[in-house]
Amino acid sequence: MTSYATATARADMGELRRLRSLLPPELQSWVTVESAIDVTPPLITCEELGKDQVEVQIDLIKWEQLALDQRNLLFWHEVGRIQNDTIPRDGWEMAALAIGLGGAVGELWVQDGLLLTLALGLCGFSSWRLYKRNNNQKTLQESISADERAIAIATRFGYTLPNAYKSLGSALKTLIEQTPKKRQRDRYIKRLEALKKSAAKAKESARAERGDMRSAY
């Protein structure tokens, strides 16, 4: 008799295989999908493992609580981030900031003005780079752009445009309800608002195209 743990493991592997099949062909050779191993991981995120290798990581416990179409669109959102090259990277900025701070403290002790200036300059530049990379508005715009990519990918996999918008909107509403942190919840709300505007624009464009076709006949 198959144990519950074995059945769960098989179900998890089945879901990971299913998601890998949802990768566009051009990404399948260098994007992998794995279960998250952190203690309290986000629902879904992606990480650059090397120059030509990206891994999508999923908290399968939370993931299984979502409807299938919601999962698909949230997965394609991450794929959209990969395509847009907006994956957060562990850059050199934090290391440079630590080196700069350490150097500044050391030079204060030995009172070398030139080296102190260089160390403070390194601190300032790395801090500016960190601020730019983590700017809230920039991050929001990247997420909205990835949502638009997700809609486009969904249509490649057989979704109608209205159903793609509906599925992603439903997923964002669920995330809004389940997210206790105000900052993250506000980001989901703004994504949902942008998605509604995009859906209305797409609907109007489709209506105009139907009108043009009728007038042509």
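Start by selecting helix α3: 13 of its 16 residues are buried, so that, with buried meaning under 20% relative accessible area, the helix is mostly covered. The model on screen is a predicted one.

Keep α3 selected, which runs over residues 68-83. From its first C-alpha to its last, α3 reaches 22 Å, close to the 22 Å expected at 1.5 Å a residue. Then step just past the end of α3 to Asp85, which takes a positive phi of about 55°.

Next, select helix α6, residues 136-156, together with helix α7, residues 161-178. Their axes come within 9 Å and cross at roughly 135°. That angle makes α6 oblique to α7. The crossing in which α6 passes α7 is right-handed.

Now show the side chains where these two helices meet. On the α6 side, pick Asp147, Ile151, Ala154 and Thr155. On the α7 side, pick Leu161, Ala164, Tyr165, Leu168 and Leu172. Sorted by type, the residues of this contact are seven nonpolar, one polar and one charged.

Stay on α7 and move to Thr174, which is found in this helix. Is Thr174 buried or exposed? Its relative accessible area is 15%, and the cut-off for buried is under 20%, so Thr174 counts as buried.

For the last stop, display what surrounds Thr174. Which residues is Thr174 in contact with, leaving aside its neighbours within four places in sequence? They are Leu66 and Gln70. Select both along with Thr174 to see the contact.

Methods:
Residues numbered from 1 in each chain as written. Predicted model: local features only at pLDDT ≥ 70, side-chain atom pairs only at ≥ 80, totals over all residues. Heavy atoms only, no water. Helix = DSSP H or I, 4+ residues; strand = E, 2+ residues; numbered from the N terminus. Expected span 1.5 Å × (residues − 1). Buried < 20%, exposed > 50% of the residue type's maximum accessible area, 1.4 Å probe, protein only. Axes fitted to C-alpha atoms, helices over the stretch in contact; angles between N-to-C directions. Parallel < 35°, antiparallel > 145°, perpendicular 65-115°, else oblique. Left-handed = near helix turned anticlockwise from the far one by under 90°. Contact = heavy atoms within 4.5 Å. Nonpolar A, V, L, I, M, F, W, Y, C, P; charged D, E, K, R; others polar.
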